[in-house]
Amino acid sequence: MRFSIKRAGYCAVVFLFAASISFSLRAQTDVNTFKSYQLSSPRVAKAYAQYNESLRRDFQQKNLAYPPKEMYIRAFKAHNEMEVWVRNPDADTFTLFKQYKICALSGSLGPKRWEGDRQVPEGFYFISDFNPKSDFYLSLMLNYPNYSDLILGNKATPGGDIYIHGGCVTVGCMPMKDEGIQEIYTLCLAARFNGETNIPVHVFPVRFNKTGLNFLGREYADDTTRQRFWINLKAGYDYFEKHHTILPVMYNQEGKYIF
């Protein structure tokens, strides 16, 4: 009986070890397939050849490991700015790598709530797809609508197809010039090739500092719905400002983000 228990335990360990190897090989195969597909696109191959080594040099100058193991993007609509933050493998916190210019925005401040409202979403997302054949040169798709958007927005037609892309035109996305999207696309690819499957993208109306809060309070004083929503977003913004780390995105049943 003792032998059987030991034998069973041994088999379980062997099974788990084999399953772990199988999962690792499958994950690596998936990455290799993804990489081959992306680099087979002339646009991606051109961007990667042009920016991969320059990004490596820029990272080295800031004592950041390249390719990044973990990166994070946050955008500020009122400022037309996008930041890229990177965390080294041996670090607990993110370091700002670079700011990019968003060259056009549609709609106004506030979240996207239905298809066709021309709004750029606000909230906590991640990159869900890399499109090498975009109508706007290259594009990175956000996982809009997320759970919060589905609860708080139009449940039948919340909209979709929200991207960071080139072309410098938009009806609800975050566009930049082609040179900018080539560099960001390459950087996101490098992180994806290095194992980061979901790159976080947080979109805010403003920087929630004194200036930004005064602006929102003055311009949207009577809009209690947006004010409540922004108070919720500010909790996530404040956590990152204090700790330079991000929390998993969680929600309650009312669609409110939980931190």
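**Before starting.** I am working with a predicted model, in which local features need pLDDT of at least 70 and side-chain atom pairs count only at pLDDT 80 or more, while totals for chains, interfaces and linings use all residues. I number residues from 1 along each chain as its sequence is written, and side-chain values use heavy atoms, with hydrogens and water left out.

**Entry 1, the largest pocket.** I looked for open space first, taking a pocket as an open set of points, on a 1 Å grid over the protein atoms alone, with protein on both sides within 12 Å along at least five of seven lines, and counting as lining any residue with an atom within 4 Å of a point. Volume here is the space filled by probe spheres set on the points, which are joined across faces, edges and corners. The largest pocket holds about 370 Å³, and of its 19 lining residues Pro 111, Arg 113, Leu 152, Thr 225 and Phe 229 are the closest to its centre. Helix H3 (147-152) and helix H6 (224-243) are the elements that give two or more residues to this lining, and H6 supplies the largest share, six residues. I took helices (H or I, at least four residues) and strands (E, at least two) as DSSP runs numbered from the N terminus. By class, the lining has five nonpolar, seven polar and seven charged residues, where Ala, Val, Leu, Ile, Met, Phe, Trp, Tyr, Cys and Pro count as nonpolar, Asp, Glu, Lys and Arg as charged, and the others, Gly among them, as polar.

I noted a volume of about 300 Å³ for the second largest pocket, and of the 22 residues lining it, Gly 160, Asp 161, Tyr 163, Val 171 and Cys 173 are the closest to its centre. Strand E4 (123-134) and strand E6 (163-165) each give at least two residues to that lining, which divides into six nonpolar, 10 polar and six charged residues.

Searching the whole structure for disulfides (cysteine sulfur atoms within 2.5 Å), I found one. It joins Cys 103 to Cys 168, with 2.2 Å from S to S. Cys 103 lies in the loop between strand E3 (95-101) and E4, and Cys 168 in the loop between E6 and strand E7 (174-175), so that the pair links parts of the chain 65 residues apart. I then checked accessibility, where buried means under 20% relative accessible area, exposed over 50% and partly exposed in between, with a 1.4 Å probe and protein chains only. Cys 103 is partly exposed at 27%, as is Cys 168 at 26%, whereas Cys 173 is buried at 8% and Cys 188 is buried at 0%.

I came back to H6, whose 20 residues reach 29 Å from first C-alpha to last, close to the 28 Å expected at 1.5 Å a residue, the expected span being 1.5 Å times one less than the number of residues. Its buried residues include Phe 229, Trp 230 and Gly 236. The buried residues of H6 pack (heavy atoms within 4.5 Å) against elements including strand E1 (70-76), strand E2 (81-87) and helix H5 (210-219). Just after H6, His 244 takes a positive phi of about 55°.

Conventions:
On a 1 Å grid over the protein atoms alone, a cavity is a set of points where a 1.4 Å probe fits but cannot get out, and a pocket is an open set with protein on both sides within 12 Å along at least five of seven lines; lining residues have an atom within 4 Å of a point.
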